Amino acid sequence: MNIESRLAQIGSQEDPRTGAVNYPIYQSTAFRHPRLGQSTGFDYSRTKSPTRSVLEQAAADLENADGGFACSSGMAALTTIFALFSQGDHLIVSLDLYGGTYRLLEQILSRYGITASYVDTNDIEAMEELCTAGTKAVLIETPTNPLMMITDIEKVAAWAKSKGFLTIVDNTLLTPFLQRPLDLGADIVIHSATKYLGGHNDVLAGLIMTKGEELTKKMGFLHNSLGAVLGPQDSYLLMRGMKTLALRMERHEYNSVKMAEWLKAHPAVEEVYHPALPHHPGHEIQKRQSSGNTGIFSFRMKDARTVEPILRHLKLIAFAESLGGVESLLTYPAIQTHADIPEEIRKKVGVDDRLLRFSVGIEHIEDLIADLGAAIDAALQEIEGA
Amino acid sequence: MANSEQDFSTKLIHFGKEIDKTTGASSVPIYQASTFHHFDLDNPPAHDYSRSGNPTREALEEYIAVLEGGARGFAFASGMAAISTAFLLLSAGDHVVVTEDVYGGTYRLLTTVLNRLNIDSTFVDMTDFEQVKMALKPNTKAVFMETPSNPTLKITDIAEIAAWSKELGLLTMLDNTFMTPYHQRPIELGVDIVIHSATKFLSGHSDVLAGLIVTADESLGRRVKQLQNGLGTVLSAQESWLLMRGMKTLQVRMEASEKGAAKLAAWLQAHPGVEKVYYPGLKDHPRGDIHAKQSKGFGAVVSFDVGSGERARKMLGKVKLPIVAVSLGAVESILSYPAMMSHAAMPREVRHARGITDGLVRYSVGLEDIDDLIRDLEQALDI
């Protein structure tokens with residue numbers, strides 16, 4: 001069945017008793033045992049909850065995974081995955097990384113002797129050099145956030161397999177509608193489902209999808225033991241969001257490409273980072289491994305002084321953290337999402353004080369262009385007047 | 001507004017954020033938002049991303065801090081998410097002394113996940129202070145208590161352990177799930193961190209999975225906040241709201257269930273088919289006096305041993321009123337079989353050594369009429 005159909009039908013045939021086309025929200029923590037030693041399959045909702053289970057099965061199905069696990073946030077999903085590792089283990093990680101992941105690795109996991117090296121994950125030679133006796137996994141974000149660097153998943157996964165490492169792919173930005181890393185050889189996919197999968201900036205959630213029986217079992221154990229699970233209300237809201245994923249992604253892509261092209265031609269803009277633009281270094285790989293583009297991209301202004309007034313003059317586009325919602329958001333990574341990454345690393349990857357990240361929503365493209373255009377004009381006037 | 005003069009029952013209703021400032025609504029709004037607009041780049045909003053701070057969750061966090069008399073409160077996706085987060089205050093190479101009949105999930109976390117991160121633990125009978133002292137190692141950093149413990153309701157002398165720990169510079173953590181702040185406020189007895197599986201009595205309706213942490217002081221609060229945000233183990237807005245709704249009736253629920261539990265314990269003690277009854281309110285409880293010193297009540301959980309696994313199974317098959325399930329602390333009575341449920345994660349020999357025998361069952365008394373519950377149990381024990 002095509003993915004659009006599977007998305008629209010999430011949970012629609014899971015409640016045979018009533019036939020409800022939306023799976024019920026089981027706001028129950030405990031489940032009665034029919035007899036001692038017998039279980040309905042549900043005992044305690046941290047271990048397994050009916051509403052969460054329907055979401056987890058749907059998520060696993062979309063990524064062609066063997067198991068799905070829903071967590072209280074994207075970071076909780078990452079924490080649960082990282083609990084696979086032990087003292088002395090080492091990870092190879094995308095250089096241009098989400099600030100929260102960097103913080104988790106450097107401020108928390110480092111206290112347990114779990115180390116990470118940051119590298120351009122397209123550079124196999126560089127990764128080869130970073131390997132230690134303790135290396136256990138490669139963590140890729142592709143596209144990266146915010147600079148939209150593309151990694152060849154198949155190439156890295158094949159290399160990792162040859163070394164006996166796990167390949168973990170953060171698929172938050174493209175979603176299984178556009179990219180399915182497990183089909184390209186990855187072992188674990190992680191989502192901040194708060195973003196496109198939820199799609200409405202209303203649910204905080206994370207998802208883990210695993211390939212292989214042993215890994216799935218291990219992840220289930222950790223999911224239950226650490227207990228950072230998603231509640232039933234949010235599980236339902238996430239499924240509700242996922243039903244429109246295909247439509248939303250199509251519109252996000254259309255709007256973001258138009259917006260990127262418009263900004264590329266704007267005289268106040270120095271550079272636009274969008275994999276759909278032919279000059280983007282990851283353009284060809286992206287075209288090969290995914291079936292489309294996400295709704296976010298970033299751009300660099302020529303003059304840092306324009307940033308603050310642009311953000312102030314926006315009327316329609318919200319200035320906020322997060323991405324992937326139906327409403328357009330503009331983020332200033334250097335002080336928001338990437339504030340926890342040291343300035344030296346930020347500068348190395350290009351997250352500087354002129355960089356803005358645009359999460360393009362599903363509003364009409366002409367209104368978005370008009371709003372940003374007016375804000376840039378007003379900003380330019382201010383700095384010229386100053 | 002809550003102040004320290006007010007009675008606990010008043011604080012339960014007027015904890016400080018009970019009225020929405022914008023609309024006057026009598027219940028905290030459910031902020032189902034993951035992100036927040038920055039109206040001004042230089043003056044960021046109080047909340048910018050819900051993992052870092054959500055107004056609904058924040059109201060709950062202030063609520064539990066007021067009730068426990070602590071500095072800061074934090075809400076988590078489950079009791080285990082709270083416990084996982086609390087233990088990550090420790091680093092590789094650290095050692096923690098833990099009460100031996102700790103909840104099975106905590107035991108599993110320490111022995112299968114945290115051990116791999118080189119956090120070392122020793123399980124001791126905390127009713128014996130000498131054992132606690134003997135477990136001390138040069139790298140001991142913390143003591144984890146659970147009192148009354150689950151399911152054999154052993155009592156740890158909180159003030160004694162807390163004072164000793166403070167002298168040695170150890171962090172003290174206490175799982176206060178069974179007593180709730182209505183009965184027992186460990187921070188007032190010198191404990192640094194109080195943890196709850198709020199899924200139980202605080203929420204009280206078997207409908208919310210949640211965990212809470214309260215820290216005694218601000219600096220510990222800042223460290224927990226960093227972990228809560230960094231690990232992302234937070235409670236959602238919907239569940240935060242439901243938990244607050246449950247907490248408003250904590251005292252009346254606790255009072256009613258406890259009255260029933262006391263009657264049930266006395267009845268069980270007189271029953272010829274019951275070998276042993278565990279309830280801190282019974283006169284012959286070995287450390288009932290210590291419990292009475294540190295807690296205002298005895299709680300609503302009664303454990304009892306019916307002699308054998310076979311008898312336990314038969315009885316569980318015959319009861320009609322309580323639900324046979326894991327969990328506890330709800331409006332409906334819940335009968336659990338620790339050997340196969342809450343403590344299934346514990347190896348059999350360890351379990352037996354801790355008194356969690358095959359004949360042991362745990363009764364969490366709900367709000368049903370106690371005479372109905374006793375009549376039901378009477379017919380079930382007729383085996």
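**Strands, domains and the chain A–B interface**

Q: How many bridges join strand β9 of chain A to strand β12 of chain A?
A: Strand β9 covers residues 296-301 and strand β12 residues 355-359, and the two run antiparallel. Strands here are DSSP runs of E, at least two residues long, numbered from the N terminus, and two of them pair if DSSP finds at least two bridges between them. Ser298(A), for one, has Arg357(A) as its bridge partner in β12(A). The number of bridges joining β9 to β12 is 5.

Q: What kind of model is this?
A: Residues are numbered from 1 along each chain as its sequence is written, while chains are lettered from A and ligands numbered from 1 in the order in which they are written. Local features need pLDDT of at least 70, side-chain atom pairs count only at pLDDT 80 or more, and totals for chains, interfaces and linings use all residues, since the model is predicted.

Q: Which are the edge strands of the open sheet in chain A?
A: The sheet has 5 strands in the order β8-β9-β12-β11-β10, with mixed pairing. An edge strand pairs on one side only, which leaves β8 (269-273) and β10 (318-319).

Q: How many residues of domain 2 of chain A are in contact with domain 1 of chain A?
A: An automatic or database domain assignment sets the bounds, giving domain 1 (3-242) and domain 2 (245-385). Contact requires C-beta atoms, placed from the backbone, to lie within 7 Å. Domain 1 contributes 33 residues, and domain 2 contributes 35.

Q: How many residues of chain B are in contact with chain A?
A: Elements of chain A that each supply at least two residues to this side include α3 (74-82) and α12 (307-313); helices are DSSP runs of H or I, at least four residues. Chain A brings 53 residues to the contact, and chain B brings 53.

Terms used. Two residues are in contact if their C-beta atoms, placed from the backbone, lie within 7 Å.
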